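Me: I have a structure open and want to go through it with you. Can we start with the sheets, then move to the interface and the backbone?
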Amino acid sequence: MATVEHTDGTAEAAPPTGGEGHRRRDFINVAAVSFAGVGGLAVLYPLINQMNPSADVLALSSTEVDISRIQPGQAIKTIFRKQPVFIRNLTPAEIQQANSVPVGDLRDPQTLAERTRDGKANWLITMAVCTHLGCVPLGAAEGENRGEYGGYFCPCHGSHYDTAARIRKGPAPKNLEVPEFEFLSDTVVKIG
Amino acid sequence: MSFPWAQAYEPKAPLMKWLDQRLPLPRLVWNSVGGGYEVPRNLNYMWNFAVLAGFALMLQIVTGIVLAMHYAPAGDLAFESVEHIMRDVNQGWLLRYAHANGASFFFIVTYLHIFRGLYYGSYKAPRELVWMLGLVIFLLMMATAFMGYVLPWGQMSFWGAKVITSLFGAIPLVGEPIQAWLLGGFAPDQPALNRFFSLHYLLPFVIAGVVILHIWALHIPGSNNPTGVDIKSPQDTVPFHPYYTAKDGFGLGVFLILFCATLFFAPNYLGHADNYIPANPLSTPAHIVPEWYFWPFYAILRAFTVDFILPAKLWGVVAMFASILLLFFLPWLDTSPVRSGSYRPRFRQFFWILILDVLILGWVGGLPAEEPYVMISQIATMYYFAHFLIILPLLSKLERTLPLPNSIAESVLHGEKRESVPYGVQAKPAE
């Protein structure tokens with residue numbers, strides 16, 4: 001409203017700076033819309049980010065477990081980040097079975113040593129979450145189906161894991177995930 | 001928005017005249033679903049299902065709002081509050097069973113409505129947007145139903161949520177952050193339950209909004225009909241009210257008889273017994289299945305078992321979404337100018353094979369992932385995609401269609417065979 005356009009399209013009040021046909025109103029227009037756009041995006045950020053895991057959910061991200069009573073050949077199920085975790089004390093036969101497989105033949109190539117800690121190769125700690133669609137595989141409790149490779153078996157869609165919890169058969173794409181963990185002592189392990 | 005011969009809205013009572021000049025809402029209703037909307041006179045009972053789907057949506061909204069007065073979306077209370085509704089709330093059992101079975105019946109009538117559109121070519125020009133808006137409604141329905149099934153927080157609720165959100169985890173790189181964002185954690189828990197409740201309450205109103213767009217887009221060209229022939233003259237149509245309000249009223253009666261029979265005599269027949277076990281994150285049910293209306297899509301998801309460039313899991317996810325997104329392109333995949341399957345003898349045969357194929361997918365989708373069911377699901381999945389991507393485009397080019405009637409009125413009054421001339425020939429029938 002500050003400028004009046006003539007019929008030939010030239011503005012009466014030429015911009016004091018800039019030139020090249022840009023009018024002051026164009027600048028104000030672009031600046032206002034851009035600023036409103038940035039503001040709109042800034043408003044979106046909290047609206048979207050509020051759905052990410054909250055501080056109290058993230059605070060539960062480590063757990064300590066006493067493993068002194070798990071005998072060789074036994075496994076327990078515990079909870080880490082609200083998801084089940086397997087802690088298995090492998091027998092020498094199971095360790096040997098896992099090491100005898102040529103790594104190149106695996107769908108997700110990893111050695112048992114890469115999945116355990118030095119000097120504690122018998123402690124296999126993995127998420128109890130099938131990498132296919134997230135079911136809890138069987139094989140931790142006494143008498144459960146451990147699949148064709150003697151590790152874990154997921155009943156949902158038939159994924160078989162070996163004694164190092166590596167995927168060997170079925171639809172799952174990856175080995176059972178090994179969470180971050182460290183031994184605080186010989187009998188206590190901290191997951192996360 | 002209407003045909004020139006449609007009856008105009010003429011308010012008689014002084015109050016209605018006064019209202020019409022200020023807020024012409026009765027005029028809108030008259031023109032949309034009253035005497036002002038002219039409809040082909042030859043619609044058969046397959047045209048009842050749109051109104052029935054609208055009724056089912058209203059039923060879900062009404063029962064859902066009252067259930068929300070008694071339900072608590074909290075991890076340790078959700079299951080108990082559902083049992084509280086079933087045992088303690090006055091007529092709570094009726095309301096919850098009506099809502100649970102209402103979802104199933106909503107999908108039954110919607111599937112029949114979709115297949116009606118597929119058979120009679122209702123997706124073809126000029127109704128492409130009607131079809132696409134319908135698919136948007138269908139996708140919103142699936143999201144709403146999925147989130148609703150999570151709310152009772154039984155075993156199937158929990159593990160269904162886990163499996164479906166794991167689908168997003170299959171996306172390379174961004175999959176796991178997306179999954180954590182959807183769930184608000186690393187597994188379904190309090191945050192997921194709460195937001196699913198919020199969205200489950202919201203989406204039906206979004207659906208209602210898209211339904212209005214769906215009807216609006218439909219009323220530009222007007223309804224399709226069993227001959228697929230365009231409306232040409234006043235002899236071809238009758239006013240929606242009272243002709244189709246009466247016919248839809250009858251259909252609604254039949255629907256309600258079947259609905260009530262299920263509601264009162266087999267309320268759990270369509271559900272799964274495991275969902276009466278409280279959610280347990282440490283124990284997976286032996287056999288996770290979604291609700292029956294997702295079985296064909298679940299079968300497609302599980303049909304991919306071999307890695308090929310991408311992991312098998314990702315292929316399954318892509319194929320499942322593609323099976324629906326594909327339908328958005330249907331108006332351009334089927335280029336035959338003849339709409340109705342009644343005049344397309346080859347198309348009709350393949351249509352029924354497609355129906356059989358979808359029923360087979362539904363059947364194997366509800367079974368464990370074992371042989372021979374995996375093999376059957378693979379063949380049926382291949383056929384599903386072949387129908388839309390290969391068979392339909394070829395049919396449109398090669399098929400020799402039957403002669404179309406000159407008009408809707410003629411097909412009704414004189415029989416389709418006697419007065420018809422071959423398609424594309426504009427000659428007048430001989431006297």
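Reply: Chain A has an open sheet of 3 strands, ordered β1-β9-β8, with antiparallel pairing. Strands pair here if DSSP finds at least two bridges between them. Helices (H or I, at least four residues) and strands (E, at least two) are DSSP runs, numbered from the N terminus.

Me: What should I know about the model and the numbering?
Reply: This is a predicted model: local features need pLDDT of at least 70, side-chain atom pairs count only at pLDDT 80 or more, and totals for chains, interfaces and linings use all residues. Residues are numbered from 1 along each chain as its sequence is written, chains are lettered from A and ligands numbered from 1 in the order in which they are written, and side-chain values use heavy atoms, with hydrogens and water left out.

Me: How many bridges join β1(A) to β9?
Reply: 4 bridges, with β9 covering residues 188-191 of chain A. The two strands run antiparallel. A:Val65 sits opposite A:Val189 in β9(A).

Me: What about the sheet with β2, β3 and β4?
Reply: That one is an open sheet of 3 strands in chain A, in the order β2-β3-β4, with antiparallel pairing. Its edge strands are β2 (75-80) and β4 (123-127) of chain A. β2(A) pairs with β3 (residues 83-89) over 6 bridges. A:Ile76 has A:Ile87 in β3(A) as its bridge partner.

Me: New topic, the interface. How many residues are in contact?
Reply: 28 residues of chain B are in contact with 26 residues of chain A. Contact means heavy atoms within 4.5 Å. The chains bury about 2300 Å² between them, 64% of it on carbon and sulfur atoms. Buried area is the accessible area (1.4 Å probe) that two parts lose on being put together, summed over both.

Me: How many salt bridges across it?
Reply: The rule finds 0 between chain B and chain A. It asks for a side-chain nitrogen of Lys or Arg within 4 Å of a carboxyl oxygen of Asp or Glu.

Me: Which element of chain B gives the most residues to the side touching chain A?
Reply: α7 (155-169), with 5 residues. Other elements giving two or more include α8 (175-183) and α9 (190-219) of chain B.

Me: Last topic. Where are the cis peptide bonds in chain B?
Reply: One runs from B:Ala125 to B:Pro126, with omega near 5°. B:Pro126 lies in the loop between α5 (92-119) and α6 (128-150) of chain B. Another joins B:His241 and B:Pro242, with omega about 10°. B:Pro242 is in helix α10 (residues 240-265) of chain B.

Me: And what is phi at B:Trp153?
Reply: Near 60°, a positive value in a residue other than glycine. B:Trp153 is in the loop between α6 and α7 of chain B.

Me: Why flag these?
Reply: Because most residues other than glycine have a negative phi, and most peptide bonds are trans.
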